[in-house]
Amino acid sequence: MMQTTLLLRVVQADLLAPTLRRLVLEAADGAHLPPAAPGAHITLTLPVAAHGKPIRNSYSLVAATGQHYELIVRRAQRSRGGSHYVHDQLAPGAVIEATVPHNLFPLATQARKHLLIAGGIGITPMLSFLSALRARNARVELHQLAAADEVGVFEGLLGLRAGDGLHVHQGRAALDLADLLARQPLGTHVYTCGPASLMDAVQDQARALGWPATHVHREDFGAAGGEPFTLRLSRSGQEIAVDGEETMLEALERAGVDARSLCRGGACGECMLPVVEGTPDHRDHFLSDAEKASGLLVMPCVSRAQCATLVLDL
Amino acid sequence: MSDQGIKSRPTYAPISRDATGARHLLVLDTTQPPAGAFAEGTALEDFPERWSVEAHSKAIPSPHADDLLHGFRSTSHLLIALRHRLAQEHMGFRLYAIGTESFLWDVARAAAEAGMGRDEYRLLAAGSAARRVYCVHCRTMNEQVTTNLVTCSACGANLFVRDHFSRFHNAYMGVQIDAEVPGETLPIEELYP
(Lines give C-alpha, C1' and ligand atoms only; values in the text may rest on other atoms or scores of the structure.)
Protein backbone atom coordinates (compact mmCIF):
# COMPACT_ATOMS: atom_id res chain seq x y z
CA MET A 1 0.00 0.00 0.00
CA MET A 2 1.11 3.52 -0.67
CA GLN A 3 2.49 5.27 2.35
CA THR A 4 0.23 8.15 3.37
CA THR A 5 1.61 9.28 6.71
CA LEU A 6 5.10 10.17 7.90
CA LEU A 7 6.69 10.47 11.32
CA LEU A 8 8.81 13.59 11.34
CA ARG A 9 11.36 14.77 13.87
CA VAL A 10 12.04 18.44 14.48
CA VAL A 11 15.72 19.07 13.71
CA GLN A 12 15.74 22.80 14.12
CA ALA A 13 13.24 25.43 15.25
CA ASP A 14 13.83 29.15 15.29
CA LEU A 15 11.84 32.34 15.52
CA LEU A 16 12.10 34.55 12.44
CA ALA A 17 9.82 37.13 14.00
CA PRO A 18 7.67 37.14 17.16
CA THR A 19 4.87 35.32 15.33
CA LEU A 20 6.84 33.36 12.71
CA ARG A 21 8.50 30.08 13.57
CA ARG A 22 10.60 28.08 11.15
CA LEU A 23 10.77 24.31 11.54
CA VAL A 24 13.21 21.99 9.83
CA LEU A 25 11.97 18.40 9.86
CA GLU A 26 13.49 15.03 9.00
CA ALA A 27 12.11 11.50 8.84
CA ALA A 28 12.06 10.09 12.39
CA ASP A 29 13.54 6.81 11.14
CA GLY A 30 16.24 8.59 9.15
CA ALA A 31 14.83 7.43 5.82
CA HIS A 32 14.59 9.54 2.69
CA LEU A 33 11.56 11.83 2.60
CA PRO A 34 9.12 11.59 -0.30
CA PRO A 35 9.74 14.21 -2.99
CA ALA A 36 7.61 17.36 -3.05
CA ALA A 37 7.14 19.64 -6.04
CA PRO A 38 7.09 23.44 -5.52
CA GLY A 39 3.74 24.48 -4.02
CA ALA A 40 3.21 21.24 -2.09
CA HIS A 41 2.01 21.13 1.51
CA ILE A 42 1.93 18.62 4.34
CA THR A 43 -0.74 18.27 7.02
CA LEU A 44 0.53 18.01 10.59
CA THR A 45 -1.42 16.12 13.25
CA LEU A 46 -1.14 18.30 16.34
CA PRO A 47 -2.18 16.81 19.70
CA VAL A 48 -3.73 19.95 21.12
CA ALA A 49 -4.78 19.39 24.72
CA ALA A 50 -7.93 21.52 24.69
CA HIS A 51 -9.56 19.45 21.97
CA GLY A 52 -10.50 15.82 22.46
CA LYS A 53 -9.13 14.95 19.05
CA PRO A 54 -5.91 16.23 17.52
CA ILE A 55 -6.05 19.20 15.16
CA ARG A 56 -4.81 18.77 11.61
CA ASN A 57 -3.27 21.84 10.02
CA SER A 58 -1.82 22.10 6.51
CA TYR A 59 1.39 24.03 5.87
CA SER A 60 3.19 24.74 2.62
CA LEU A 61 6.69 23.37 2.29
CA VAL A 62 9.10 26.28 1.99
CA ALA A 63 11.82 23.88 0.93
CA ALA A 64 11.96 20.13 0.46
CA THR A 65 14.89 17.80 -0.13
CA GLY A 66 15.25 14.08 0.42
CA GLN A 67 16.63 14.88 3.89
CA HIS A 68 14.59 17.83 5.13
CA TYR A 69 11.25 19.58 4.91
CA GLU A 70 11.09 23.20 5.97
CA LEU A 71 7.97 25.01 7.19
CA ILE A 72 7.21 28.49 8.44
CA VAL A 73 4.24 28.70 10.81
CA ARG A 74 2.54 31.89 11.92
CA ARG A 75 1.10 32.01 15.41
CA ALA A 76 -2.55 32.73 14.62
CA GLN A 77 -4.36 35.30 16.75
CA ARG A 78 -7.66 33.47 16.54
CA SER A 79 -6.15 30.05 16.80
CA ARG A 80 -7.85 26.76 17.55
CA GLY A 81 -4.60 25.86 19.21
CA GLY A 82 -2.68 24.32 16.31
CA SER A 83 -0.25 27.12 15.64
CA HIS A 84 0.22 27.76 19.38
CA TYR A 85 1.22 24.12 19.72
CA VAL A 86 3.78 24.49 16.94
CA HIS A 87 5.20 27.63 18.57
CA ASP A 88 5.11 26.49 22.21
CA GLN A 89 5.59 22.72 22.15
CA LEU A 90 7.54 21.66 19.09
CA ALA A 91 11.18 21.82 20.14
CA PRO A 92 14.10 20.06 18.44
CA GLY A 93 13.79 16.32 18.99
CA ALA A 94 9.97 16.29 19.07
CA VAL A 95 8.31 13.79 16.74
CA ILE A 96 5.01 14.52 15.00
CA GLU A 97 2.79 12.78 12.50
CA ALA A 98 2.23 14.32 9.08
CA THR A 99 0.75 13.39 5.74
CA VAL A 100 2.98 12.83 2.74
CA PRO A 101 3.19 16.00 0.59
CA HIS A 102 0.24 16.89 -1.61
CA ASN A 103 0.27 19.60 -4.21
CA LEU A 104 -2.80 21.67 -5.07
CA PHE A 105 -0.74 24.70 -6.11
CA PRO A 106 1.58 23.48 -8.86
CA LEU A 107 3.55 25.75 -11.17
CA ALA A 108 2.19 25.97 -14.73
CA THR A 109 4.84 24.50 -16.98
CA GLN A 110 3.61 26.38 -20.06
CA ALA A 111 3.85 29.82 -18.46
CA ARG A 112 6.09 32.38 -20.14
CA LYS A 113 6.21 34.39 -16.94
CA HIS A 114 5.25 33.72 -13.32
CA LEU A 115 3.69 36.55 -11.28
CA LEU A 116 3.60 35.81 -7.55
CA ILE A 117 1.41 37.88 -5.21
CA ALA A 118 1.47 37.00 -1.52
CA GLY A 119 0.09 38.50 1.64
CA GLY A 120 1.83 37.88 4.98
CA ILE A 121 2.44 34.20 5.70
CA GLY A 122 1.20 33.48 2.15
CA ILE A 123 4.87 33.88 1.33
CA THR A 124 5.54 30.22 2.17
CA PRO A 125 4.63 28.53 -1.14
CA MET A 126 6.22 31.46 -2.98
CA LEU A 127 9.58 30.65 -1.39
CA SER A 128 9.46 27.15 -2.86
CA PHE A 129 8.36 28.60 -6.21
CA LEU A 130 11.23 31.09 -6.20
CA SER A 131 13.92 28.45 -5.68
CA ALA A 132 12.47 26.31 -8.47
CA LEU A 133 11.96 29.19 -10.89
CA ARG A 134 15.42 30.61 -10.29
CA ALA A 135 16.92 27.19 -10.94
CA ARG A 136 15.02 27.06 -14.25
CA ASN A 137 15.99 30.61 -15.14
CA ALA A 138 12.30 31.37 -15.54
CA ARG A 139 10.90 34.88 -15.76
CA VAL A 140 9.43 35.77 -12.38
CA GLU A 141 8.04 38.82 -10.58
CA LEU A 142 7.01 38.72 -6.94
CA HIS A 143 5.01 41.15 -4.84
CA GLN A 144 4.89 40.48 -1.12
CA LEU A 145 2.51 42.46 1.08
CA ALA A 146 3.66 42.84 4.66
CA ALA A 147 2.68 44.61 7.85
CA ALA A 148 5.05 47.47 8.75
CA ASP A 149 6.89 45.51 11.44
CA GLU A 150 7.47 42.52 9.16
CA VAL A 151 8.79 44.19 6.01
CA GLY A 152 12.36 43.50 7.09
CA VAL A 153 11.65 39.85 7.92
CA PHE A 154 10.17 39.19 4.49
CA GLU A 155 12.95 41.08 2.74
CA GLY A 156 15.40 38.82 4.53
CA LEU A 157 13.51 35.63 3.65
CA LEU A 158 13.37 36.61 -0.01
CA GLY A 159 17.02 37.58 -0.16
CA LEU A 160 16.19 40.71 -2.13
CA ARG A 161 18.67 41.85 -4.74
CA ALA A 162 18.33 44.90 -6.92
CA GLY A 163 16.71 44.18 -10.27
CA ASP A 164 15.57 40.67 -9.41
CA GLY A 165 11.86 41.46 -9.75
CA LEU A 166 11.05 40.91 -6.07
CA HIS A 167 9.19 43.59 -4.15
CA VAL A 168 8.00 43.87 -0.56
CA HIS A 169 5.19 46.37 -0.02
CA GLN A 170 4.11 47.78 3.29
CA GLY A 171 0.33 47.29 3.40
CA ARG A 172 -2.28 46.54 0.76
CA ALA A 173 -2.62 50.13 -0.44
CA ALA A 174 1.03 50.13 -1.54
CA LEU A 175 0.32 47.76 -4.44
CA ASP A 176 -1.79 48.81 -7.43
CA LEU A 177 -3.20 45.42 -8.44
CA ALA A 178 -5.09 46.69 -11.49
CA ASP A 179 -1.98 48.32 -12.92
CA LEU A 180 0.18 45.31 -12.13
CA LEU A 181 -2.19 42.81 -13.77
CA ALA A 182 -2.88 45.04 -16.79
CA ARG A 183 0.77 45.23 -17.80
CA GLN A 184 1.59 41.53 -17.71
CA PRO A 185 2.78 39.99 -20.98
CA LEU A 186 0.75 37.34 -22.76
CA GLY A 187 1.45 33.92 -21.30
CA THR A 188 1.77 35.10 -17.70
CA HIS A 189 0.36 32.95 -14.91
CA VAL A 190 -0.47 34.62 -11.59
CA TYR A 191 -0.26 32.77 -8.27
CA THR A 192 -1.68 34.22 -5.10
CA CYS A 193 -1.60 33.11 -1.49
CA GLY A 194 -2.63 35.06 1.57
CA PRO A 195 -5.79 36.46 3.11
CA ALA A 196 -8.98 35.54 1.22
CA SER A 197 -9.67 39.22 0.57
CA LEU A 198 -6.33 39.58 -1.22
CA MET A 199 -6.80 36.41 -3.26
CA ASP A 200 -10.36 37.45 -4.16
CA ALA A 201 -9.09 40.87 -5.25
CA VAL A 202 -6.41 39.30 -7.47
CA GLN A 203 -8.91 36.88 -8.96
CA ASP A 204 -11.60 39.53 -9.55
CA GLN A 205 -9.18 42.07 -10.99
CA ALA A 206 -7.59 39.50 -13.30
CA ARG A 207 -10.98 38.38 -14.55
CA ALA A 208 -12.05 41.97 -15.18
CA LEU A 209 -8.91 42.50 -17.27
CA GLY A 210 -9.62 39.44 -19.39
CA TRP A 211 -7.30 36.90 -17.79
CA PRO A 212 -8.63 33.38 -18.38
CA ALA A 213 -9.27 31.34 -15.23
CA THR A 214 -6.61 28.86 -16.38
CA HIS A 215 -3.90 31.48 -15.76
CA VAL A 216 -4.99 32.44 -12.21
CA HIS A 217 -4.00 30.19 -9.30
CA ARG A 218 -4.71 30.52 -5.59
CA GLU A 219 -3.83 28.53 -2.50
CA ASP A 220 -6.45 28.41 0.22
CA PHE A 221 -5.60 27.39 3.73
CA GLY A 222 -7.46 27.66 6.96
CA ALA A 223 -11.16 28.16 7.43
CA ALA A 224 -12.53 31.08 9.33
CA GLY A 225 -15.14 30.20 11.92
CA GLY A 226 -18.71 31.39 12.07
CA GLU A 227 -22.02 30.78 13.82
CA PRO A 228 -22.45 27.43 15.56
CA PHE A 229 -24.93 25.01 13.97
CA THR A 230 -26.04 21.40 14.18
CA LEU A 231 -25.28 18.58 11.77
CA ARG A 232 -27.73 15.71 11.46
CA LEU A 233 -26.65 12.51 9.71
CA SER A 234 -29.71 11.16 7.89
CA ARG A 235 -28.71 7.49 7.91
CA SER A 236 -27.50 7.11 11.48
CA GLY A 237 -29.74 9.80 12.93
CA GLN A 238 -26.70 11.14 14.82
CA GLU A 239 -26.66 14.84 15.72
CA ILE A 240 -23.35 16.69 16.01
CA ALA A 241 -22.91 20.26 17.23
CA VAL A 242 -20.43 22.35 15.20
CA ASP A 243 -19.14 25.16 17.36
CA GLY A 244 -18.10 28.55 16.04
CA GLU A 245 -14.37 27.87 16.20
CA GLU A 246 -14.25 24.47 14.51
CA THR A 247 -15.03 23.24 11.02
CA MET A 248 -17.74 20.81 10.02
CA LEU A 249 -15.04 18.29 9.11
CA GLU A 250 -13.41 18.59 12.53
CA ALA A 251 -16.79 18.14 14.20
CA LEU A 252 -17.40 14.99 12.15
CA GLU A 253 -13.97 13.65 13.06
CA ARG A 254 -14.51 14.50 16.72
CA ALA A 255 -17.73 12.47 16.62
CA GLY A 256 -15.83 9.50 15.23
CA VAL A 257 -17.29 9.70 11.71
CA ASP A 258 -14.86 8.31 9.15
CA ALA A 259 -14.71 11.36 6.85
CA ARG A 260 -12.26 11.57 3.98
CA SER A 261 -10.14 14.70 3.57
CA LEU A 262 -6.99 15.93 1.91
CA CYS A 263 -6.23 19.64 1.66
CA ARG A 264 -8.65 20.83 4.36
CA GLY A 265 -8.77 24.15 2.58
CA GLY A 266 -11.69 23.87 0.15
CA ALA A 267 -9.54 23.23 -2.89
CA CYS A 268 -9.21 19.53 -3.60
CA GLY A 269 -12.74 18.12 -3.40
CA GLU A 270 -11.77 15.04 -1.42
CA CYS A 271 -14.11 15.65 1.54
CA MET A 272 -17.24 16.47 -0.51
CA LEU A 273 -20.51 15.29 1.09
CA PRO A 274 -24.11 15.11 -0.16
CA VAL A 275 -26.64 17.41 1.53
CA VAL A 276 -30.16 16.18 2.21
CA GLU A 277 -31.68 19.24 3.85
CA GLY A 278 -30.67 22.75 4.81
CA THR A 279 -28.70 25.46 3.05
CA PRO A 280 -24.89 25.29 3.05
CA ASP A 281 -22.76 28.42 3.37
CA HIS A 282 -20.27 27.55 0.63
CA ARG A 283 -16.71 28.78 1.19
CA ASP A 284 -14.77 26.40 -1.03
CA HIS A 285 -13.17 26.86 -4.44
CA PHE A 286 -13.94 23.39 -5.72
CA LEU A 287 -17.66 23.35 -6.49
CA SER A 288 -18.87 25.30 -9.53
CA ASP A 289 -21.32 28.16 -9.04
CA ALA A 290 -24.09 25.93 -10.39
CA GLU A 291 -23.22 23.14 -7.96
CA LYS A 292 -23.16 25.60 -5.08
CA ALA A 293 -26.54 27.00 -6.10
CA SER A 294 -28.04 23.50 -6.26
CA GLY A 295 -27.27 23.06 -2.53
CA LEU A 296 -26.82 19.30 -3.01
CA LEU A 297 -23.14 19.10 -2.13
CA VAL A 298 -20.93 20.64 0.54
CA MET A 299 -17.22 20.71 1.36
CA PRO A 300 -17.15 20.27 5.15
CA CYS A 301 -13.51 21.37 5.52
CA VAL A 302 -14.35 25.06 5.00
CA SER A 303 -18.07 25.48 4.38
CA ARG A 304 -20.68 26.05 7.06
CA ALA A 305 -24.48 26.28 7.25
CA GLN A 306 -26.83 29.20 6.68
CA CYS A 307 -29.43 27.44 8.81
CA ALA A 308 -29.62 25.96 12.30
CA THR A 309 -29.45 22.35 11.13
CA LEU A 310 -27.76 20.87 8.09
CA VAL A 311 -28.70 17.29 7.21
CA LEU A 312 -26.07 15.18 5.46
CA ASP A 313 -26.50 11.87 3.65
CA LEU A 314 -24.25 9.94 6.00
CA MET B 1 -10.92 0.01 -42.22
CA SER B 2 -12.92 2.90 -40.90
CA ASP B 3 -11.30 5.63 -38.88
CA GLN B 4 -14.52 7.05 -37.51
CA GLY B 5 -14.38 7.97 -33.84
CA ILE B 6 -10.76 9.00 -33.64
CA LYS B 7 -10.93 11.75 -31.06
CA SER B 8 -7.83 13.66 -32.07
CA ARG B 9 -9.63 14.96 -35.14
CA PRO B 10 -10.37 18.58 -34.25
CA THR B 11 -13.90 19.89 -34.26
CA TYR B 12 -14.79 23.55 -34.69
CA ALA B 13 -17.65 25.88 -33.89
CA PRO B 14 -18.65 29.13 -35.58
CA ILE B 15 -16.71 32.07 -34.18
CA SER B 16 -18.22 34.30 -31.52
CA ARG B 17 -16.52 37.17 -29.76
CA ASP B 18 -15.28 36.27 -26.28
CA ALA B 19 -16.81 39.02 -24.14
CA THR B 20 -14.33 38.35 -21.33
CA GLY B 21 -11.43 39.52 -23.52
CA ALA B 22 -10.05 43.05 -23.48
CA ARG B 23 -8.51 43.16 -27.00
CA HIS B 24 -9.38 41.02 -30.02
CA LEU B 25 -7.61 40.15 -33.27
CA LEU B 26 -9.10 38.10 -36.09
CA VAL B 27 -6.76 36.46 -38.61
CA LEU B 28 -7.91 34.87 -41.87
CA ASP B 29 -6.09 33.01 -44.63
CA THR B 30 -8.36 34.67 -47.20
CA THR B 31 -9.72 38.19 -47.60
CA GLN B 32 -13.31 37.45 -46.63
CA PRO B 33 -14.70 34.92 -44.16
CA PRO B 34 -17.09 32.39 -45.72
CA ALA B 35 -20.83 32.35 -44.99
CA GLY B 36 -21.55 30.67 -41.67
CA ALA B 37 -18.16 31.54 -40.19
CA PHE B 38 -19.73 33.44 -37.32
CA ALA B 39 -22.13 32.33 -34.62
CA GLU B 40 -25.58 33.86 -34.50
CA GLY B 41 -25.41 37.42 -33.24
CA THR B 42 -21.77 37.81 -34.30
CA ALA B 43 -20.61 39.60 -37.45
CA LEU B 44 -17.35 40.56 -39.13
CA GLU B 45 -17.77 44.10 -37.76
CA ASP B 46 -17.46 42.73 -34.23
CA PHE B 47 -13.77 42.30 -35.05
CA PRO B 48 -12.54 45.75 -36.03
CA GLU B 49 -8.96 44.54 -36.04
CA ARG B 50 -8.44 42.00 -38.83
CA TRP B 51 -5.45 40.56 -40.58
CA SER B 52 -6.09 38.77 -43.84
CA VAL B 53 -4.12 37.04 -46.60
CA GLU B 54 -4.49 38.58 -50.03
CA ALA B 55 -2.31 35.95 -51.72
CA HIS B 56 -0.93 38.56 -54.07
CA SER B 57 2.61 39.81 -54.62
CA LYS B 58 1.40 43.42 -54.43
CA ALA B 59 -0.08 42.99 -50.97
CA ILE B 60 1.68 45.21 -48.43
CA PRO B 61 0.61 45.44 -44.80
CA SER B 62 0.06 49.00 -43.64
CA PRO B 63 3.26 50.45 -42.14
CA HIS B 64 1.15 52.14 -39.47
CA ALA B 65 1.00 49.82 -36.51
CA ASP B 66 -2.19 51.49 -35.29
CA ASP B 67 -4.10 50.55 -38.45
CA LEU B 68 -6.65 47.89 -37.74
CA LEU B 69 -6.78 46.22 -41.15
CA HIS B 70 -3.71 44.58 -42.63
CA GLY B 71 -3.42 42.46 -45.79
CA PHE B 72 -0.51 40.04 -46.19
CA ARG B 73 1.07 38.37 -49.20
CA SER B 74 0.85 34.88 -47.73
CA THR B 75 0.05 32.95 -44.58
CA SER B 76 3.82 32.68 -43.90
CA HIS B 77 4.03 36.46 -44.05
CA LEU B 78 1.04 36.82 -41.69
CA LEU B 79 2.39 34.26 -39.21
CA ILE B 80 5.72 36.08 -38.86
CA ALA B 81 3.90 39.33 -38.07
CA LEU B 82 1.59 37.46 -35.68
CA ARG B 83 4.53 36.08 -33.67
CA HIS B 84 5.92 39.61 -33.30
CA ARG B 85 2.53 40.88 -32.21
CA LEU B 86 2.02 38.12 -29.62
CA ALA B 87 5.45 38.81 -28.14
CA GLN B 88 4.33 42.38 -27.42
CA GLU B 89 0.78 41.63 -26.27
CA HIS B 90 -0.52 41.67 -22.70
CA MET B 91 -2.90 39.46 -20.76
CA GLY B 92 -6.53 39.99 -21.76
CA PHE B 93 -5.82 39.48 -25.47
CA ARG B 94 -7.98 37.13 -27.56
CA LEU B 95 -7.10 35.63 -30.93
CA TYR B 96 -9.47 34.20 -33.56
CA ALA B 97 -8.51 32.35 -36.72
CA ILE B 98 -10.60 31.34 -39.73
CA GLY B 99 -9.10 29.28 -42.54
CA THR B 100 -7.81 25.90 -43.65
CA GLU B 101 -6.82 23.49 -40.91
CA SER B 102 -3.08 23.79 -41.50
CA PHE B 103 -3.34 27.59 -41.16
CA LEU B 104 -5.40 27.25 -37.97
CA TRP B 105 -2.90 24.98 -36.28
CA ASP B 106 0.03 27.13 -37.35
CA VAL B 107 -1.78 30.00 -35.62
CA ALA B 108 -2.51 27.77 -32.61
CA ARG B 109 1.16 26.86 -32.33
CA ALA B 110 2.19 30.53 -32.38
CA ALA B 111 -0.41 31.19 -29.67
CA ALA B 112 0.76 28.28 -27.51
CA GLU B 113 4.39 29.34 -27.89
CA ALA B 114 3.36 32.78 -26.64
CA GLY B 115 1.93 31.07 -23.53
CA MET B 116 -1.72 31.44 -24.51
CA GLY B 117 -4.12 28.85 -23.12
CA ARG B 118 -6.82 27.09 -25.10
CA ASP B 119 -9.41 29.52 -23.69
CA GLU B 120 -7.64 32.49 -25.27
CA TYR B 121 -7.98 31.62 -28.93
CA ARG B 122 -10.78 30.30 -31.12
CA LEU B 123 -10.46 28.50 -34.44
CA LEU B 124 -12.82 27.77 -37.29
CA ALA B 125 -11.96 25.60 -40.30
CA ALA B 126 -13.15 27.02 -43.60
CA GLY B 127 -12.22 26.58 -47.23
CA SER B 128 -10.56 23.50 -48.65
CA ALA B 129 -10.68 20.33 -46.53
CA ALA B 130 -7.46 19.08 -48.16
CA ARG B 131 -5.18 17.48 -45.60
CA ARG B 132 -1.50 17.73 -44.81
CA VAL B 133 -0.50 14.10 -44.38
CA TYR B 134 2.53 12.95 -42.42
CA CYS B 135 4.06 9.69 -43.59
CA VAL B 136 4.71 7.88 -40.31
CA HIS B 137 7.27 5.67 -42.04
CA CYS B 138 9.62 8.26 -43.57
CA ARG B 139 8.37 11.44 -41.82
CA THR B 140 7.63 13.32 -45.00
CA MET B 141 4.80 15.83 -45.21
CA ASN B 142 2.48 15.35 -48.17
CA GLU B 143 0.50 18.52 -48.87
CA GLN B 144 -2.99 19.08 -50.28
CA VAL B 145 -4.23 15.51 -50.00
CA THR B 146 -7.93 15.19 -50.88
CA THR B 147 -8.24 11.38 -51.09
CA ASN B 148 -8.44 8.53 -48.58
CA LEU B 149 -5.22 7.07 -49.99
CA VAL B 150 -2.08 8.85 -51.10
CA THR B 151 1.31 7.71 -52.35
CA CYS B 152 4.02 9.23 -50.17
CA SER B 153 5.98 11.67 -52.29
CA ALA B 154 9.27 10.54 -50.73
CA CYS B 155 9.15 6.80 -50.01
CA GLY B 156 6.34 5.74 -52.29
CA ALA B 157 4.36 3.96 -49.56
CA ASN B 158 0.65 3.72 -50.27
CA LEU B 159 -0.66 5.66 -47.26
CA PHE B 160 -4.10 5.44 -45.69
CA VAL B 161 -5.07 8.92 -44.42
CA ARG B 162 -6.24 8.50 -40.84
CA ASP B 163 -8.45 10.91 -38.90
CA HIS B 164 -5.62 10.90 -36.35
CA PHE B 165 -4.53 14.56 -36.28
CA SER B 166 -1.27 15.58 -34.63
CA ARG B 167 -1.32 19.13 -33.28
CA PHE B 168 2.45 18.89 -32.89
CA HIS B 169 3.04 18.08 -36.56
CA ASN B 170 -0.07 19.96 -37.72
CA ALA B 171 -0.85 17.00 -39.96
CA TYR B 172 -2.94 13.89 -40.30
CA MET B 173 -1.14 10.58 -39.93
CA GLY B 174 -0.63 8.49 -43.05
CA VAL B 175 0.00 4.77 -42.50
CA GLN B 176 0.91 2.21 -45.17
CA ILE B 177 -2.39 0.53 -45.97
CA ASP B 178 -1.06 -2.90 -46.94
CA ALA B 179 1.58 -3.28 -44.26
CA GLU B 180 -0.14 -6.37 -42.82
CA VAL B 181 -1.22 -8.03 -46.04
CA PRO B 182 0.81 -6.81 -49.04
CA GLY B 183 -1.45 -5.79 -51.89
CA GLU B 184 -4.62 -5.55 -49.77
CA THR B 185 -5.94 -2.06 -50.30
CA LEU B 186 -9.08 0.06 -50.72
CA PRO B 187 -10.66 1.85 -53.65
CA ILE B 188 -9.48 5.47 -53.86
CA GLU B 189 -12.13 8.01 -52.90
CA GLU B 190 -12.10 11.80 -52.87
CA LEU B 191 -13.02 12.50 -49.23
CA TYR B 192 -11.36 15.85 -48.43
CA PRO B 193 -12.18 18.25 -51.28
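Me: What pattern does chain B follow along the sequence?
Reply: Chain B goes β-β-β-α-β-α-β-β-β-β-β-β. That comes to two helices and ten strands. Keep in mind that this is a predicted model.

Me: Okay. How many residues does chain B have, and what share of them count as buried?
Reply: Chain B has 193 residues, and 36% of them count as buried. Its C-alpha atoms fill a box of roughly 60 × 35 × 30 Å along the principal axes.

Me: Which domains does the assignment give for chain B?
Reply: Domain 1 covers 23-125 and domain 2 covers 131-176. The C-alpha centres of domain 1 and domain 2 of chain B are 27 Å apart.

Me: Let's look at a sheet. What's the strand order in the open sheet of five strands in chain B?
Reply: The order is S7-S6-S10-S9-S8 in chain B, and the pairing is mixed. The edge strands are S7 (141-145) and S8 (149-151) of chain B, each pairing on one side only. On average, neighbouring strands of this sheet are turned by 45° against each other, ignoring direction.

Me: And do S9 and S10 of chain B run parallel or antiparallel?
Reply: Antiparallel: five bridges join S9 (residues 158-166) of chain B to S10 (residues 171-176) of chain B. If you want a pair to click on, B:Phe165 stands opposite B:Tyr172 in S10 of chain B.

Me: What about S2 and S3 of chain B, parallel or antiparallel?
Reply: Those two strands of chain B run parallel, with four bridges between them. One pair there is B:Val53 and its bridge partner B:Phe72 in S3 of chain B.

Me: Which residues are on the covered face of S3 in chain B?
Reply: B:His70 and B:Phe72 are on the covered face, while B:Leu69 and B:Gly71 are on the uncovered one.

Me: Where is B:Leu68?
Reply: B:Leu68 is in the loop between strand S2 (50-53) and strand S3 (69-72) of chain B.

Me: Is B:Leu68 buried or exposed, and why?
Reply: B:Leu68 is exposed, because it has 12 other C-beta atoms within 10 Å, and 12 or fewer counts as exposed. Leaving aside neighbours within four places in sequence, B:Leu68 is in contact with B:Pro48 and B:Glu49.

Me: How far is B:Leu68 from B:Leu104?
Reply: B:Leu68 and B:Leu104 are 21 Å apart in space, C-alpha to C-alpha, and 36 residues apart in sequence.

Me: B:Leu104 sits in a helix, I think. Which residues of H2 in chain B are buried?
Reply: The buried residues of H2 in chain B are B:Glu101, B:Ser102, B:Phe103, B:Leu104, B:Trp105, B:Asp106, B:Val107, B:Ala110 and B:Ala111. What covers the buried residues of H2 in chain B includes helix H1 (75-88) and strands S1 (23-28), S4 (93-99), S5 (121-125) and S6 (131-135) of chain B.

Me: What span should H2 of chain B have?
Reply: At 1.5 Å a residue, the 13 residues of H2 (residues 101-113) of chain B should span 18 Å, and the end C-alpha atoms are 18 Å apart, so the two agree. Just after H2 of chain B, B:Gly115 takes a positive phi of about 85°.

Me: Switching to chain A. Which domains does the assignment give there?
Reply: Chain A has domain 1 (5-102), domain 2 (113-219) and domain 3 (229-312). Between the C-alpha centres of domain 2 and domain 3 of chain A there are 32 Å.

Me: How many residues of S9 in chain A are buried?
Reply: Six of the seven residues of S9 (residues 113-119) of chain A are buried, so this strand is largely enclosed by the rest of the structure.

Me: Which strands does S9 of chain A pair with?
Reply: One is S12 (residues 188-193) of chain A, in the parallel sense over six bridges. Another is S10 (residues 140-146) of chain A, also parallel over six bridges. For examples, A:Leu115 has A:Val190 as its bridge partner in S12 of chain A, and A:Ala118 stands opposite A:Gln144 in S10 of chain A.

Me: Last one. How many residues from each chain does the contact between A and B take?
Reply: The contact takes 15 residues from chain B and 17 residues from chain A. The chain B side has six nonpolar, six polar and three charged residues.

Notes: Residues numbered from 1 in each chain as written. Chains lettered and ligands numbered in written order. Predicted model: local features only at pLDDT ≥ 70, side-chain atom pairs only at ≥ 80, totals over all residues. Domains from an automatic or database assignment. Pairing = 2+ DSSP bridges. Axes fitted to C-alpha atoms, helices over the stretch in contact; angles between N-to-C directions. Contact = placed C-beta atoms within 7 Å. Nonpolar A, V, L, I, M, F, W, Y, C, P; charged D, E, K, R; others polar. Buried ≥ 20, exposed ≤ 12 C-beta atoms within 10 Å, placed from the backbone. Expected span 1.5 Å × (residues − 1).
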